[in-house]
Amino acid sequence: MTFSDDHSHDRVRPLGGTGLSVSSISLGTSFLGNPAQPDGSPAPESAELARTLLAGPYAVIDTSNNYAGGRSETALGRAIAEHGLPDGRSIVTKADSEPGTGRFDRDRVWRSFEESTARLGLETLPLLHLHDPYTVTVEEALAPGGAVQGLVELREQGLVGAIGVAAGEIDLMTRYVTSGVFDVLLTHNRYTLVDRRAEALMAEAAERGMGVFNAAPFGGGLLAGRGTRYAYREASPELLAWTERARELCDTWSIDLSAAALHFSMRCPLVHSTVVGVSRPERIEQLEKLRLTTVPDDFWPALEALGTPPSTIDG
């Protein structure tokens, strides 16, 4: 596999055959809108973050129907209404199961789409993902009247340009990818410095001409030097020890561990764009500095020499 670290210019590239253009980084918004105000609306500081996301240097902002209870989309919609959607910027979102009941069928997908477009103030979407379909089986999702039917109808009617699947568990994701229905894969926490298990899944998607997003390159914070959790759970002592060895190696190369973590994803030819969650406006400038960091080619063999990291994820 040939890797490249030439990211001096964050060139826009096509996302598979979707017609959507992406840059090497996409901005995640699961934090946007928190905390809620007493009336349930987004926090006041959400307005500045949403404006900064839209004005930032990256082509795609990634949100979801259920991020912050819908407040993520609401905050983005308010910013779009006030400032417009800049040229070269796209909002992609995700259809989610019904809150409370877990219902996730054709009708729920349509309602999720309608809720999302109403919040965002957009009539159509370039991409809509099936998000975390854990409340239904793959068979139920693919059956007549299932969630996938709803997505296909939206695509056929031109209301969404492309459909994707966004979740974590590899076996589940592989079944959706190999169904041949989807245009895009979004995998998270499973192709990082400390976990490579999504590589075969991404290769399968690439063979099918699908677009590939790789999300959470910092594992939720551990590889960015924040906390001791990886992929929503406490990291094992073994993983913390490996991460510390990786940090020491980075120090000898005068590289930040977070820069290595970001470039690990960016340099992979299977990944069209790396999704990074942003919680504060200043994080975008920090992210751009990481993107522009030069990581020498010789660093990667030295990292591999540390051995296989002990992941904490089961699936």
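F299 is buried in this predicted model, with a relative accessibility of 0%; buried denotes under 20% relative accessible area, exposed over 50%, and partly exposed in between (1.4 Å probe, protein chains only). Residues are numbered from 1 along each chain as its sequence is written. Because the model is predicted, local features require pLDDT of at least 70 and side-chain atom pairs pLDDT 80 or more, while totals for chains, interfaces and linings use all residues, and side-chain values rest on heavy atoms, without hydrogens and water.

Aromatic contacts were assigned to rings of Phe, Tyr and Trp (its six-membered ring) with centres within 6.5 Å, planes under 30 degrees apart being stacked, over 60 edge-to-face and the rest tilted. Y176 is buried at 0% relative accessible area, and F182 is buried at 5%.

W253 and F299 are likewise paired edge-to-face, because their planes stand at 85° with the ring centres 5.9 Å apart. This pair links distant parts of the chain, 46 residues apart: W253 lies in the loop between α8 (237–252) and α9 (257–266), and F299 in helix α11 (residues 299–304). W253 is partly exposed, its relative accessible area being 29%. Both residues belong to one aromatic cluster, formed by Y191, W253, F264, F299 and W300.

An unreviewed UniProt entry places the feature "domain: NADP-dependent oxidoreductase" at residues 25–306; positions follow the numbering used here, feature names are shortened, and annotations may be inferred rather than shown by experiment. Residues 25–306 are 40% helix and 15% strand, with their end C-alpha atoms 27 Å apart. Helices (H or I, at least four residues) and strands (E, at least two) are DSSP runs numbered from the N terminus.
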